[in-house]
Amino acid sequence: MLATTIYEHGDHRWIMFGRDPDKTEGIIDTNQYLIISGEEAIILDPGGIELFAPMLSAVLKFVPAENIRYLFASHQDPDIISSLGLWDQALPNASLYAPWLWEGFIRHFGMERIQFCAIADEGLNLTVGRIQLQFVPAHYLHSSGNFHVYDPKAKILMSGDVGAALEPGEPPLWVEDMTQHSGFMKGFHQRWMPSNDAKDHWLRRVRQLDIDIMAPQHGRLFRKQHAKEFFDWFEQLNVGVAIR
């Protein structure tokens, strides 16, 4: 599994995992993120059950298991958190932060030891080591209970399915041309994102953040200028219309 450090300052790091060359054919590619600050770490959207073994092996090259104090699930989908039952055995003292709306559903993936910490609709802040992360509401983008993660120190927004692209082959890590890249995003956002009101509410919220990197759960990442271009593109896109 590819592991790329996308931010590093002292003992504060963001590592992106994905592009696993050994993943089973037909499974959608996903980006997982590890944030380390001092002696604590959190994994964002740790992925599906099929990815658990390579993901655990890759993560342990950066941080010991006992330092992984937290997991975060943006929503309930299997590509986000169906590995939970195996993390439950590997990290018995960890806590899972996820939308309150999905607790009864997420527990179907198996969770006997990990503590479930419900995120209320308005979001919350979590201290990890020496940094404080913000769980930013992103409801109906696409799940009815959905959060993104903003790190104000690294200026990174983990944007879940917003900004995701379904692109063939082995695309580069970073968006290079928004006009070209928008073709890989349009159908996904029109079909998966059901509400223009939710889209506009999210845009008003995230445009107030200072963002150097926008990091979605699928596809390429956006640097500062391309993130701004994405916001403009997303604003004019009519979503929830793909089946008309």
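1. Let's start with Asp212 and Lys224: their side chains form a salt bridge with an N to O distance of 3.4 Å (the term covers a side-chain nitrogen of Lys or Arg within 4 Å of a carboxyl oxygen of Asp or Glu). This pair links distant parts of the chain, with Asp212 in the loop between α6 and β12 and Lys224 in helix α7, 12 residues apart. Helices here are DSSP runs of H or I with at least four residues, strands are runs of E with at least two, and both are numbered from the N terminus.

2. A word on what we're looking at. This is a predicted model, where local features need pLDDT of at least 70 and side-chain atom pairs count only at pLDDT 80 or more, while totals for chains, interfaces and linings use all residues. Residues are numbered from 1 along each chain as its sequence is written, and side-chain values use heavy atoms, with hydrogens and water left out.

3. Buried or exposed, or in between, for that pair? Asp212 counts as partly exposed at 30% relative accessibility, and Lys224 is also partly exposed, at 32% (buried is under 20% relative accessible area, exposed over 50%, partly exposed in between, with a 1.4 Å probe and protein chains only). Asp212 and Lys224 also belong to a network of salt bridges together with Lys155 and Asp210.

4. Next, Arg207. Its side chain meets that of Asp232 in a salt bridge, 2.9 Å from N to O. Asp232 sits in helix α7 (residues 224–236) and Arg207 in the loop between α6 (196–206) and β12 (213–216), so this contact ties together parts 25 residues apart in sequence. Asp232 is partly exposed, at 47% relative accessible area, and so is Arg207, at 36%.

5. Arg207 has another partner, Glu235, with the closest N and O atoms 3.2 Å apart. Glu235 is in helix α7 while Arg207 is in the α6–β12 loop, so the pair joins parts that are 28 residues apart in sequence. Glu235 is partly exposed too, with a relative accessible area of 43%.

6. For the overall picture, the salt bridge count comes to 12. An unreviewed UniProt entry annotates residues 29–218 as "domain: Metallo-beta-lactamase"; its positions follow the numbering used here, feature names are shortened, and annotations may be inferred rather than shown by experiment. The end C-alpha atoms of residues 29–218 lie 6 Å apart, and the span is 26% helix and 27% strand.
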